[in-house]
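Here are my notes for someone opening this one up for the first time. Have a look at the picture, then read on.

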Amino acid sequence: MYLKTLHLRQFRNYREQQVDFLAPKTILVGDNAQGKSNLLEAVELLATLRSHRAMRDRELVLDGETAGQIVATLQRETGITDLGITLRNTGRRTVALNSETLRRQLDFLGVMNAVQFSSLDLELVRGGPGQRRNWIDTLLTQLEPIYAYILQQYNTVLRQRNALLRQQNASSSGAEPQIDLAELAVWDSQLAAIGARVIRRRARVLDRLAPLAQSWHQAISNHTELLDVKYAPNVPLEQDDSAVVQQAFLDKLGQRAIAEQHQGTTLVGPHRDEIEFIINQTPARQYGSQGQQRTLVLSIKLAELKLIELVIGEPPLLLLDDVLAELDLNRQNKLLETIQDRFQTLITTTHLGAFDTQWLKSSQILTVESGHIKF
Amino acid sequence: MEAKQQVGLCSVCFHLSADPVCEICRSPSRDPDTVCVVADSRDVIALEKTREYKGKYHVLGGLISPMDGIGPDQLHISPLVRRISQQKIQEVILAISPSVEGDTTTLYVGQLLKPFTKVTRIAFGLPMGGDLEYADEVTLARALEGRRELE
Ligand SMILES: Nc1ncnc2c1ncn2[C@@H]1O[C@H](COP(=O)(O)OP(=O)(O)O)[C@@H](O)[C@H]1O
Ligand SMILES: [Mg+2]
Ligand SMILES: [Zn+2]
């Protein structure tokens, strides 16, 4: 797929900016804090309706304004689509395809696909499990848009159940414990039913991603390292069967019931899942060298590209935020070999010096300066 | 200044009503053996527009939502159970929007009523923005027709 144009209106530090992408590779060059990552963030939003760095839509809207807009034209094998997102300080979003506002945001997902790779992604290996859940959820949302809906439902049930546990917790510290077991039982079954869907989808996508990541890692490490990507669900997953997973979920809720009432929060479920990265039988998070961790993240990103291409049938966009200069020549070359001209790639950098001259020649180079783009 | 007419709730079904018992509950032409349970009076109005439903109603007055401090005790659930257990009701239709809170309320109420009568729920697909109120009449009529027994 090919992003032909992008128009930013009151988005981050852009007041009004049109960008036409004229080559499969675009390099955005500029000093720090000029708006390079902001532009990639706009593309990320078009693909996932999520931003990995904004907590609220208010942050995405140009300071002093109440609303902003991202508009794009995407070429796919099936035809050309216009995409539009309107972001508001209030948090209410509107999405449109071909100028028609959609009633469900869900229907916006899956139209455009992108893999984002930034220097922050080392956190995927080093950071806490929440980072890895977030990563797999973003990927799943692109592969199976309905997942966004399932996840949102799960989070709602979780918040509701936590609120109930907190109330009971507060009331039981008084004289009379007031526990509506019938109500809790309904929330339990809701949590288990929706949670099982989250767990099974995460398991399935990791099953497909793991061998791809493994072979990339092998290739980049010149066959010296074996990478295992392992799903470690909080609720044991013995069988990919909805009834079995739900039962295991309810069983574990039963085991942790007293602890949950004590702590006033839900201790069981996919919000506590972990994804383990293991290199040569050693957990990469604690023991991996910096080099191993970099190889790992690159392998995972390349695996994401491949998997999306396999599932969607078209190569997704690749967004490289400041990351190319940080890779050594071997890793850079592996990445560039893969990309070639098949994946439209947007690259940000502060200096063009780190790039191969051949590359520079075949790329469109845009200069970014305080919310303006110069051609 | 003209005094506003006080609109209260029907003492039987909790639908908005100026009288102690509402028009629908009083009507001799409505089927007394079927009760349709909804979250809000606006849902009664939406269902009435379909002209498809001939039974009576029961308005819960909201949905179970611990985050908003709403538990079963804050809703008109006990009077519903009393009503269904004391009369010969053939069928209770749960017509509650399929949000997380709506589903929870449906399951909770359904379990309380099942010992007394047949309990069905109306057929919904993925919610659009959520409420019965916004579903058009054709969709609602079809959902009512396609109702299934609650598991
Ligand atoms: N909502 C906003 N309104 C105006 N400026 C913003 C907004 N959000 C971020 N910025 C500005 O954007 C700049 C950061 O842009 P970014 O794309 O992250 O930089 P870089 O070019 O280094 O990648 C900062 O100067 C920041 O103040
Ligand atoms: Mg940046
Ligand atoms: Zn009435």
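1. Let's start where the two chains meet: the contact takes 16 residues from chain A and 13 residues from chain B. Two residues are in contact if their C-beta atoms, placed from the backbone, lie within 7 Å. On the side of chain A that touches chain B, helix 4 (146-172) and helix 5 (181-220) of chain A are the elements giving two or more residues. Helix 4 of chain A has the largest share, with 8 residues. By class, that side of chain A has 6 nonpolar, 5 polar and 5 charged residues. Here Ala, Val, Leu, Ile, Met, Phe, Trp, Tyr, Cys and Pro count as nonpolar, Asp, Glu, Lys and Arg as charged, and the others, Gly among them, as polar.

2. Keep in mind that this is a predicted model, where local features need pLDDT of at least 70, side-chain atom pairs count only at pLDDT 80 or more, and totals for chains, interfaces and linings use all residues. Residues are numbered from 1 along each chain as its sequence is written, while chains are lettered from A and ligands numbered from 1 in the order in which they are written.

3. How confident is the predictor? The complex gets an ipTM of 0.89 and a pTM of 0.90. Chain B has a mean pLDDT (confidence in each residue, from 0 to 100) of 89, and 89% of its residues reach 70 or more.

Key. pLDDT = per-residue confidence, 0-100. Helix = DSSP H or I, 4+ residues; strand = E, 2+ residues; numbered from the N terminus.
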